[in-house]
Amino acid sequence: MAEYGAVRTSALKLKGMKKHKKKKREHGDGDAAHEDDDEKRYGIWWTIKHPDQLTGTVFVETECGGYLEAVNDGTVRVGRRRALDEPTAVNEETGMPGPPGPEVTEVFTVVKVSDTRVALKTAYGRYITADPDSGDVTARTEAMGVRELWQPIFREEEGCVVLRSNGSKYLTAPREGERIDARGEQPTQESVGFRFWSCQEQAKKKKDLADVVEEGDIANVELNYVKKFQSFQDGKVKTSGDLKALKKARALGTLHGELLDRREKQKADKFCK
């Protein structure tokens with residue numbers, strides 16, 4: 001396994017990484033204050049909340065607060081829980097510690113195989129494998145097979161993801177420093193929930209047609225609306241020009257009903273009968 005030694009453990013550098021202000025959350029039992037944000041972390045990482053987002057580069061947070069970490073002996077364990085403002089490992093080239101964030105060995109690649117199956121690849125280029133008989137979890141294979149496939153189950157009410165192996169057992173991360181396994185019997189038991197953080201560029205939410213139509217001055221509302229539907233047979237857009245009725249309808253919350261009535265009266269609109 002000499003190839004494992006080729007992996008450098010210096011700080012992970014990503015394009016666009018910036019410092020940013022984060023919310024502070026106090027941890028009890030004598031722990032130091034941790035800076036945290038429920039939606040974003042380390043500037044560019046954000047919480048995955050939907051199956052469509054589960055792809056690409058991620059780090060995985062366990063219920064105990066540590067991150068999953070690939071070890072150079074081919075095992076995967078729960079890393080040491082640390083403050084969010086704690087620097088990462090010293091860079092071998094500069095001799096300086098890296099910025100706060102996940103270590104290289106804590107970063108994984110999610111390979112989406114289908115709508116219901118994914119594979120997890122470590123920084124060493126190996127896939128996380130679950131033995132269906134013993135429940136042992138390792139990361140030593142370079143090829144993806146049935147044992148490397150996991151079914152992600154989103155528990156929205158708890159804000160976490162459960163990973164079900166091909167042997168119908170659940171990935172479990174017991175405690176800090178311990179190896180993970182796939183012996184969980186129930187998806188609701190302790191230590192089977194994970195929180196995935198991604199640095200992929202988030203898709204921008206498209207504006208709803210109703211929001212686009214209602215934006216701006218009331219004089220443009222009807223014009224924006226009819227442009228979506230008229231066939232322009234004579235090369236002109238036809239509107240009624242009555243703004244008083246539109247203002248009243250907007251105030252009453254019946255704007256779209258009023259616009260639909262006006263569409264019925266426009267001969268150039270071939271879609272509304």
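Author: Ser191 is buried, its relative accessible area being 17%, where buried means under 20% relative accessible area, exposed over 50% and partly exposed in between, for a 1.4 Å probe and protein chains only. This residue belongs to the loop between strand S17 (181-184) and strand S18 (193-198); strands are DSSP runs of E of at least two residues, numbered from the N terminus. The phi of Ser191 is near 70°, a positive value in a residue other than glycine. Most residues other than glycine have a negative phi.

The model is predicted, so local features need pLDDT of at least 70 and side-chain atom pairs count only at pLDDT 80 or more, while totals for chains, interfaces and linings use all residues. Residues are numbered from 1 along each chain as its sequence is written, and side-chain values use heavy atoms, with hydrogens and water left out.

Tyr42 also has a positive phi, near 55°, and is a residue other than glycine. Its place is the loop between strand S3 (40-41) and strand S4 (45-47). Tyr42 counts as buried because its relative accessibility is 4%.

What does the phi of Ser191 come to, and where does the residue lie? The value is near 70°, and Ser191 lies in the loop between strand S17 and strand S18. For Tyr42, the corresponding phi is near 55°, in the loop between strand S3 and strand S4.

Note on methods: Helix = DSSP H or I, 4+ residues; strand = E, 2+ residues; numbered from the N terminus.
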